[in-house]
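Subject: Structure handover

Dear colleague,

Here is the structure we talked about. Please open it alongside these notes.

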Amino acid sequence: MALAAGLLEHGYGAGAVGLAMAASTAAFAGLVVFGGVIADRFSTRRLMIGADLTRVCTQSLAAGLFFDGHVVLWELCVIGFVNGTAAAVFQPGVASTVPRLAADVQGANAAIRIAESSSQLAGPVVAGLLVGFASPGGVFAAHAGTYAVSALCLLLLRLRPLPPGTLAATGRGLRALRTDLAQGWREFTSRTWLWAVIAIWCLYMIAVYGPTVPLVATEVVQHHGARAYGLVNSALGAGTVVGGLFAMRLRPRRMLRAGSLFLCLYFTFPGAVGLGLDVPAVAAGAALAGAGISFWGVMWATSVLTQVPAEALNRIHSYDVAGSLAMMPIGQALAGPAAGVLGADHVLLVASATSLAVVAFLLAVPAIRNLVRADAHPEPKAGEGAPAPS
């Protein structure tokens, strides 16, 4: 919000805003896989703190540019690219940090999901107040401060030590980098449930989530106004919190099967908008969608963190992030042309139907629907009774 407001104030247009934002996204999407390799070779805490301190510097520099009134697009693009690179180094380490911090990985993932949802509800409000009452430079200064707080929190965390031999130390240089990438790819492709979910999720991002975000915004604002869109977003965030709370309490034996069934709820969101329902109905659909995708997200993240060996976890997490992130812009880019040909309401109805088809695809793969949680007790054999309570 501050970047858009600041560039517009200095005479730039929407294209410049998109370019400045794309610089960060492109760097992150292109480098996050290499970030996973680096995270599996070195201390993730140090890498994450280094990434945070880098962004303290870049955001402080951006704040100085806006305070000084010397706003040049290419300089902001360079800052964005460095920020995206730092994020690519930071993000893979999140995956391996959670199991070292929390004994209950599923509960930790649910708590993270609730915290993220709460932040998404409050973030735009706080940003709007800062831009309105301070200035874009003030927002960037505050943003730099958040990275400083993040680095301090990481420094103070009490993490369990890594098991011996966890770090992938295969040497130095380009050949070692290729070796680590190849080993990570073998770990990735050796688990059918893992690569199958990500492959299906690419379809989900292109045909469901990607088009839904911009088209819902356009349809709701055009027919009901910006205030209604704010209400719908709030309902989506509230539903996400509820889904996280469910994920804290429910402990399904087959997590991906349960998560897929909850994911069915997402069809109500694009479907309600596509059918032209009133604002309360759309808000209800958004709340159900938020709960469904939140519960799925916790089940998926917990499965990855508990089923994948620690020495490859960061690399596999980076494949997951890169695959999901790469497909979403494609879906968003195709949303406009598809709406121009078919109509936005029809595209949203197709997205709604496709979301149910994606669930069917997930459940059709035996390796996905039958994956047993890592901490589950073995099922009794035929003819045996249930194990006696301890």
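H10 passes H12 in a left-handed crossing. Left-handed here means that the near helix is turned anticlockwise from the far one by less than a right angle; clockwise would be right-handed. The axes of H10 and helix H12 (residues 279–307) come within 7 Å and cross at roughly 160°. That makes H10 roughly antiparallel to H12. The cut-offs are under 35 degrees for roughly parallel, over 145 for roughly antiparallel and 65 to 115 for roughly perpendicular, with the rest oblique. Axes are lines fitted to C-alpha atoms, for helices over the stretch in contact, and angles between N-to-C directions run from 0 to 180 degrees.

Before going on, note that this is a predicted model: local features need pLDDT of at least 70, side-chain atom pairs count only at pLDDT 80 or more, and totals for chains, interfaces and linings use all residues. Residues are numbered from 1 along each chain as its sequence is written, and side-chain values use heavy atoms, leaving out hydrogens and water.

Back to the H10 packing. On the H10 side, the residues that meet H12 include Met 255, Gly 259 and Phe 262. Among their partners in H12 are Gly 292, Phe 295, Trp 296 and Trp 300. Contact means heavy atoms within 4.5 Å. By class, the contact of H10 with H12 has eleven nonpolar, five polar and no charged residues. Nonpolar covers Ala, Val, Leu, Ile, Met, Phe, Trp, Tyr, Cys and Pro; charged covers Asp, Glu, Lys and Arg; the others, Gly among them, are polar.

H10 (residues 255–263) also packs against helix H14 (residues 344–364), at an angle of about 165° and with the axes 9 Å apart. H10 and H14 are therefore roughly antiparallel. This crossing of H10 past H14 is left-handed. Arg 257, Ser 260, Leu 261 and Leu 263 of H10 make the contact with Val 359, Leu 362 and Leu 363 of H14. The classes are five nonpolar, one polar and one charged.

Next, the salt bridges. A search of the whole structure finds two. The criterion is a side-chain nitrogen of Lys or Arg within 4 Å of a carboxyl oxygen of Asp or Glu.

Arg 251 pairs with Asp 104, the closest N and O atoms being 2.7 Å apart. Arg 251 lies in the loop between helix H9 (226–249) and H10, and Asp 104 in the loop between helix H4 (73–101) and helix H5 (105–133), so the pair ties together parts that are 147 residues apart in sequence. Arg 251 is partly exposed, at 40% relative accessible area. Asp 104 is partly exposed too, at 34%. Buried means under 20% relative accessible area, exposed over 50%, and partly exposed in between (1.4 Å probe, protein chains only).

Asp 52 bridges to Arg 55, with the closest N and O atoms 3.1 Å apart. Both lie in helix H3 (residues 44–68), three residues apart, about one turn of the helix. Asp 52 and Arg 55 are both buried.

One more site. Cys 77 lies in helix H4 and is buried at 15% relative accessibility. Leaving aside neighbours within four places in sequence, Cys 77 contacts Leu 19, Ala 20 and Ala 23.

Last, the totals. The protein chain has 15 helices and zero strands. These are DSSP runs numbered from the N terminus (helices H or I, at least four residues; strands E, at least two). Of its 390 residues, 46% count as buried.

Best wishes
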